[in-house]
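Subject: Structure handover

Hello,

Here is the structure I promised you. Please open it alongside this note. My findings follow below.

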Amino acid sequence: MTMYFANIMRSKGDPKIVRSGPRQGAPGGRLARALGWFSIGLGAMQLLAPHRITRPLGMRGNEDLVRVCGVREILSGIVSLSVDRNAGLWSRVVGDSLDAAALMSAMRRNNPKKHNVALALLMVGGMAMLDWRAAQQTMPARQTGRRRLYPDRSGFPRGLAAARDAARGALSHASTGSS
């Protein structure tokens, strides 16, 4: 389908795209993209229909809180789809913890729908694991490993003494005028 649209936009003399190869990208690219779109969709629902979330959780009166969470979700999703997707994914991880804290406030004894809250907490926990995994996979290479320290290395592969000997040999070779 994508090839069809790509071929429509080509000029008459341009070669047509017959098939495409596998997508190249960072290891967590597909998951990051999926989570970004999910975040935008969930945020739109939270923003436009907060009562659809608060009613089944026994959290009536918290619609404004759900709307704020929706705006946060949409912004996280947009950043997750951008070049700086790692920041968007980490913001999703932080957002998951905020969502869990908000849900925990509904786990009161007098809430007849606390079983729905427990289910929602499980779903937020599952999404948090996916978000964390995607954020780990999309971290820039310089941030993934532990910092390497080389206090015992001189920068000379065969050691400092061998480098000095090689330099002396080169100087003596140059001073004798040999070529």
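H2 and H5 pack with their axes 11 Å apart, at an angle of about 55°. That angle makes H2 oblique to H5. The crossing of H2 past H5 is left-handed. On the H2 side, the contact uses Gly29, Ala32, Leu35, Phe38 and Ser39. They meet Arg85, Leu89 and Arg92 of H5. By class, this contact has 4 nonpolar, 2 polar and 2 charged residues.

Please keep in mind that this is a predicted model.

**The chain as a whole**

The protein chain has 8 helices and 0 strands. From the N terminus on, its elements read α-α-α-α-α-α-α-α. The chain has 179 residues, and 25% of them are buried.

**H5 against H6**

How do H5 and H6 pack? Their axes lie 9 Å apart, and the angle is about 160°. H5 is therefore roughly antiparallel to H6, since the angle is over 145 degrees. H5 passes H6 in a left-handed crossing. From H5, the contact takes in Asn86, Leu89, Trp90, Arg92, Val93, Asp96, Asp99, Ala100, Leu103 and Met104. From H6 come Val117, Ala120, Leu121, Val124, Met127, Ala128, Asp131, Trp132, Ala134, Ala135 and Gln136. The classes here are 15 nonpolar, 2 polar and 4 charged residues.

Met104 deserves a separate look. This residue sits in helix H5 and belongs to the contact with H6. Met104 and Lys114 are 10 residues apart in sequence. From C-alpha to C-alpha, Met104 and Lys114 are 9.6 Å apart in space.

**H2 against H6**

H2 also packs on H6. The two axes come within 9 Å and cross at roughly 135°. H2 and H6 are therefore oblique to each other. H2 passes H6 in a left-handed crossing. Leu31, Leu35 and Phe38 are the H2 residues in this contact. In H6 they meet Met127, Leu130, Asp131, Arg133, Ala134 and Gln137. This contact divides into 6 nonpolar, 1 polar and 2 charged residues.

Leu35 and Phe38 of H2 take part in the contact with H5 and in the contact with H6.

**H6 itself**

H6 covers residues 114–137 and has 24 residues. From its first C-alpha to its last, H6 reaches 34 Å, close to the 34 Å expected at 1.5 Å a residue. Which residues of H6 are buried? They are Val117, Ala120, Val124, Asp131, Ala134 and Ala135. These buried residues pack against H2, H3 and H5. Asp131 is buried and is part of the contacts with H5 and with H2.

**H4**

H4 runs over residues 63–80, which is 18 residues. It reaches 25 Å from its first C-alpha to its last, close to the 26 Å expected at 1.5 Å a residue. The buried residues in H4 are Glu63, Val66, Cys69, Gly70, Arg72, Glu73, Ile74, Ser76, Gly77 and Ser80. Their cover includes H2 (29–48), H3 (51–57) and H5 (85–104).

Best wishes

How values were computed
Residues numbered from 1 in each chain as written. Predicted model: local features only at pLDDT ≥ 70, side-chain atom pairs only at ≥ 80, totals over all residues. Heavy atoms only, no water. Helix = DSSP H or I, 4+ residues; strand = E, 2+ residues; numbered from the N terminus. Expected span 1.5 Å × (residues − 1). Buried < 20%, exposed > 50% of the residue type's maximum accessible area, 1.4 Å probe, protein only. Contact = heavy atoms within 4.5 Å. Axes fitted to C-alpha atoms, helices over the stretch in contact; angles between N-to-C directions. Parallel < 35°, antiparallel > 145°, perpendicular 65-115°, else oblique. Left-handed = near helix turned anticlockwise from the far one by under 90°. Nonpolar A, V, L, I, M, F, W, Y, C, P; charged D, E, K, R; others polar.
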